[in-house]
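Please read the points in order, with the structure open alongside.

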Amino acid sequence: MDCINESLGDDELRAVLSRLQLDKDRDSFGLVCKRWLRLQSTERRKLSARAGPHMLNRIAARFTYLRELDLSQSLSRSFHPGVTDSDLSVIATGFSTLRVLNLQNCKGITDNGLSAIGLGLPSLESLDVSYCRMLTDKGLSSVVQGCQDLKALHLAGCKLVSDSLLTHLSMNCNKLEDLGLQGCTNLTDSGLTALAEGCQSLKYLDLIKCINIGDLGICSVAKGCSSSLHTLKLLDCYRVGDDAILSLAKHCRNLETLIIGGCRDIANESIKSLAVACCSSLKILRMDWCLNVSDISIDCIFTLCRKLEALDVACCEELTDAAFQSLGNDDFKSRLKILRVSNCPKMTVDGISKLLMSCEALEYLDVRSCPHITKVRCHEAGLQFPTGCLVNFSGSLAEPDVLR
């Protein structure tokens, strides 16, 4: 070992370390001797840990160029007292190179700890404080004002957040691309309108269960983020209707994922307009419980959206086999992998047979609570599902994450 250390400089040893692909091999590198351990520590960029202030100080001293720190807790494996404001103070002063910080489910932190982050980590680019329920506009605004390079901010379950934070984001974080606001029920159209004035690079926006959001706010986002927006999630935003969808169709032609389940006022004409406008981009569409949607719009989606990979039309009770009438009429083979038609009582085995003619890539089909589509009837009709395709007849299969 002495001979190797005498022959190889730090740069050469770093080159050796960079060629180790497996984590276990990289960990073994640091076990050789103290010099190799020091080099390994300085090259470490990501770290997941559960540690108090004393241990965090030691980590900061050892991993001097750390860029990503994950202190998140899971709901099923949390520990007491978890991350506290004291820990955030150590992070703010000890991890100057940090770019990504994950504090999801760290329920003990407050605005005081977030204020320290805002003051101490001006280069922070990504912050996840989902389900940190004590946080308010005060602490988060400190982060927004101090960390103006933010590209990703996730606040799911932070129910105390209001329109004021969206205004601060618009004023300070023009590079923001990824914003998760699931369950932030105090947000309104006024906040979204303010957000869209300054944050016009948004690619991903999650507004699931933001029940006070309506057409006006979504129209503002569609106009302000027209060239960048590719994912929009509006599950159970029951105030969102046709005007919002028509605005998305007019302005957001690069939209890839749209979740509008539970938006019950949306009807055929706006969906058809969306299919025409986003025919070359749309991959994932969830529209369960859109009760005014019928066969004509679904058939239009299948006809035009040739990149579609996942579709959820569960509980759209007016749908019939005619929704699939265009499938199988040409040599086109759909890319569809996931389809949910559960609780569509008018659909039959004949419709599924038509579907299978064009959907050879199908991986998951949900036909629960469709009285005319049972395992026995599919067998009697001689239906041949693609190899590996999971068919959910009774609810015994887990649903794919892609539609959430």
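1. The model under review is a predicted one. Every value quoted here should be read with that in mind.

2. Two packed helices are described by the angle between their axes and the distance between the axes. For helix 5 (residues 53-62) and helix 6 (residues 85-94), the axes cross at roughly 15 degrees and come within 9 Å. Helix 5 is therefore roughly parallel to helix 6, since an angle under 35 degrees counts as such. The crossing of helix 5 past helix 6 is right-handed.

3. Which residues bring helix 5 and helix 6 together? Helix 5 contributes Pro53, Leu56, Asn57 and Ala60, which meet Ser86, Asp87, Val90, Ile91 and Gly94 of helix 6. By class, this contact of helix 5 with helix 6 has five nonpolar residues, three polar and one charged.

4. Helix 7 (residues 111-120) packs on helix 8 (residues 137-146) at an angle of about 5 degrees, and their axes are 7 Å apart. Helix 7 and helix 8 are therefore roughly parallel to each other. On the side of helix 7, the residues in contact are Asp111, Leu114, Ser115, Ile117 and Gly118; on the side of helix 8, they are Lys138, Gly139, Leu140, Ser142, Val143 and Gly146. The contact of helix 7 with helix 8 comprises four nonpolar, five polar and two charged residues.

5. Helix 10 (189-198) and helix 11 (residues 215-224) also form a packed pair, with an angle of about 5 degrees and axes 8 Å apart. Helix 10 and helix 11 are therefore roughly parallel to each other. Asp189, Leu192, Thr193 and Ala196 of helix 10 meet several residues of helix 11, among them Asp215, Leu216, Ile218 and Val221. The residues of this contact of helix 10 with helix 11 are five nonpolar, four polar and two charged.

6. How many residues of helix 11 are buried? Eight of its 10 residues are buried, so helix 11 is largely enclosed by the rest of the structure. Among the buried residues are Asp215, Ile218, Cys219 and Ala222. Their cover includes helix 10, strand 7 (204-206), strand 8 (231-233) and helix 12.

7. Serine 247 is located in helix 12. Its relative accessible area is 7%, and serine 247 is therefore buried, the limit being under 20%. Leaving out residues up to four places away in sequence, serine 247 touches Cys219, Ala222 and Cys252.

8. In helix 13 (residues 268-277), the buried residues are Asn268, Ser270, Ile271, Leu274, Ala275 and Ala277. Helix 12 (242-251), strand 9 (257-259) and helix 14 (295-304) are included in what covers these residues of helix 13.

9. The largest nonpolar core has 118 residues, and within it Ile91 and Leu355 touch the most other members. Apart from that core lies another, of eight residues, including Ile208, Ile259, Ala310 and Tyr364. Beyond its neighbours within four places in sequence, leucine 355 is in contact with Phe302, Phe324, Leu327, Leu336, Leu339, Leu362 and Leu365.

10. Is glutamine 384 buried or exposed? Its relative accessibility is 66%, and glutamine 384 therefore counts as exposed, the threshold being over 50%. Glutamine 384 sits in the loop between helix 16 (375-380) and strand 14 (390-392). Although 28 residues separate glutamine 384 from leucine 356 in sequence, the two are 7.8 Å apart in space, C-alpha to C-alpha.

Terms used:
Residues are numbered from 1 along each chain as its sequence is written. This is a predicted model: local features need pLDDT of at least 70, side-chain atom pairs count only at pLDDT 80 or more; totals for chains, interfaces and linings use all residues. Side-chain values use heavy atoms; hydrogens and water are left out. Buried means under 20% relative accessible area, exposed over 50%, partly exposed in between (1.4 Å probe, protein chains only). Helices (H or I, at least four residues) and strands (E, at least two) are DSSP runs, numbered from the N terminus. Contact means heavy atoms within 4.5 Å. Axes are lines fitted to C-alpha atoms, for helices over the stretch in contact, and angles run from 0 to 180 degrees between N-to-C directions. Angles under 35 degrees count as roughly parallel, over 145 as roughly antiparallel, 65 to 115 as roughly perpendicular and the rest as oblique. A crossing is left-handed if the near helix is turned anticlockwise from the far one by less than a right angle, and right-handed if clockwise. Ala, Val, Leu, Ile, Met, Phe, Trp, Tyr, Cys and Pro count as nonpolar, Asp, Glu, Lys and Arg as charged, and the others, Gly among them, as polar. A nonpolar core is a set of buried Ala, Val, Leu, Ile, Met, Phe, Trp, Tyr and Cys residues joined through side-chain atoms within 4.5 Å.
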